[in-house]
Amino acid sequence: MKNAALYPGSFDPLTNGHMDILERAALMFDKIIVTVAVNNKKTAVFSGDERVQLIREAIKGKAWEDKIEIEQFTGLLINFAREKNVQVLLRGVRQISDFEYEFRMALTNRRLAPEIDTVFLMPDEQLTFISATIVKEVAAWGGDLSSFVPDHVAKALREKYK
Ligand code: PNS
């Protein structure tokens, strides 16, 4: 599919950093399939369905909403990309420390599927320290989540950790 990208991740949960990447990607691609990885090795706080729902709510009303499709997947990402007929994987890189892992993953995916490439986008520098892991830690200790995640995600996190 031309000018489509797969944006994979755990999204456990979606953060303002993910939203920033999506907003940037929407300027470049006609279609973005946000791909929620379920059943990977990480233990998730939110179920696959909950993560999809939080993303759906976050994009509601955005000018680029129609470009977004949200899916869950298990297994190898490149198999899912092939199934969807998409040749671009999209990943956000926040800092140099992300890069080593991202580089390995991108080259592994390329070795497995030479027709698929990875595009990296940087979020706004104000958001580069935000990660789902840090957000969950703040939530677990009852901290203010308002500058890290959309309001409805903060509410869902408070419910999980109350
Ligand atoms: O948000 P995350 O946790 O950094 O996302 C990582 C994810 C889900 C994109 C990655 O672990 C993944 O693609 N998992 C599926 C298995 C796979 O295809 N791995 C790529 C070869 S290294």
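**Close-up views of the predicted model**

**View 1. Tyrosine 7 is buried in this model, at 4% relative accessibility.** Here, buried means under 20% relative accessible area, exposed means over 50%, and partly exposed lies in between (1.4 Å probe, protein chains only). This is a predicted model, in which local features need pLDDT of at least 70 and side-chain atom pairs count only at pLDDT 80 or more, while totals for chains, interfaces and linings use all residues. Residues are numbered from 1 along each chain as its sequence is written, and side-chain values use heavy atoms, with hydrogens and water left out. The structure holds five aromatic pairs (rings of Phe, Tyr and Trp, the last by its six-membered ring, with centres within 6.5 Å; planes under 30 degrees apart are stacked, over 60 edge-to-face, the rest tilted). One of them joins tyrosine 7 to phenylalanine 11 in an edge-to-face arrangement, with 5.2 Å from centre to centre and 85 degrees between the planes. Phenylalanine 11 is also buried, because its relative accessible area is 3%.

**View 2. The largest nonpolar core has 24 residues.** Such a core is a set of buried Ala, Val, Leu, Ile, Met, Phe, Trp, Tyr and Cys residues joined through side-chain atoms within 4.5 Å. The residues with the most contacts inside this core are Tyr7, Leu22, Ile32, Val34, Ile68, Ile70 and Leu90. Two or more residues come from each of β1 (4-9), α1 (16-26), β2 (31-37), α2, β3 (68-73) and β4; helices (H or I, at least four residues) and strands (E, at least two) are DSSP runs, numbered from the N terminus. Which element gives the most to this core? That is α1, with five residues.

**View 3. Helix α4 spans residues 96-112 and bends at glutamate 102.** The 17 residues of α4 reach 25 Å from the first C-alpha to the last, close to the expected 24 Å (1.5 Å times one less than the number of residues). The bend at glutamate 102 is about 25 degrees, taken as the angle between axes fitted to the seven residues ending there and the seven starting there. Which residues of α4 are buried? They are Asp98, Glu102, Ala106 and Asn109. Their cover includes α3 (77-84), β4 (88-92) and β5 (117-121).

**View 4. Phenylalanine 120 sits in strand β5 and belongs to an aromatic cluster.** The cluster is made up of Phe99, Phe103 and Phe120. Is phenylalanine 120 buried or partly exposed? Phenylalanine 120 counts as partly exposed, because its relative accessibility is 29%. Not counting residues up to four places away in sequence, phenylalanine 120 touches Arg91, Val93, Phe99, Glu102 and Ala106. Two of the residues touched, Glu102 and Ala106, are buried residues of α4. Asparagine 109 is eleven residues from phenylalanine 120 in sequence and 14 Å away in space, C-alpha to C-alpha.

**View 5. Eleven salt bridges are found in the whole structure.** A salt bridge here is a side-chain nitrogen of Lys or Arg within 4 Å of a carboxyl oxygen of Asp or Glu.

- Lysine 160 meets glutamate 50 at 3.1 Å, N to O. Lysine 160 lies in helix α6 (residues 151-161) and glutamate 50 in helix α2 (residues 48-59), so this pair ties together parts that are 110 residues apart in sequence. Lysine 160 is partly exposed, at 36%, and glutamate 50 is partly exposed too, at 31%.
- Aspartate 117 pairs with arginine 110, with 3.0 Å between the closest N and O atoms. Aspartate 117 is partly exposed at 36% relative accessibility, as is arginine 110 at 40%.
- Lysine 162 pairs with glutamate 159, the closest N and O atoms being 3.1 Å apart. Lysine 162 is exposed, with a relative accessible area of 77%, and glutamate 159 is exposed at 51%.

**View 6. Phenylalanine 129 lies in the loop between β5 and α5 (132-140).** Phenylalanine 129 counts as partly exposed, because its relative accessibility is 45%. What does phenylalanine 129 touch, not counting residues up to four places away in sequence? Its contacts are Gln95, Ile134 and Phe148. Tyrosine 101 is 28 residues from phenylalanine 129 along the chain, and 16 Å separates their C-alpha atoms.

Conventions. Contact means heavy atoms within 4.5 Å.
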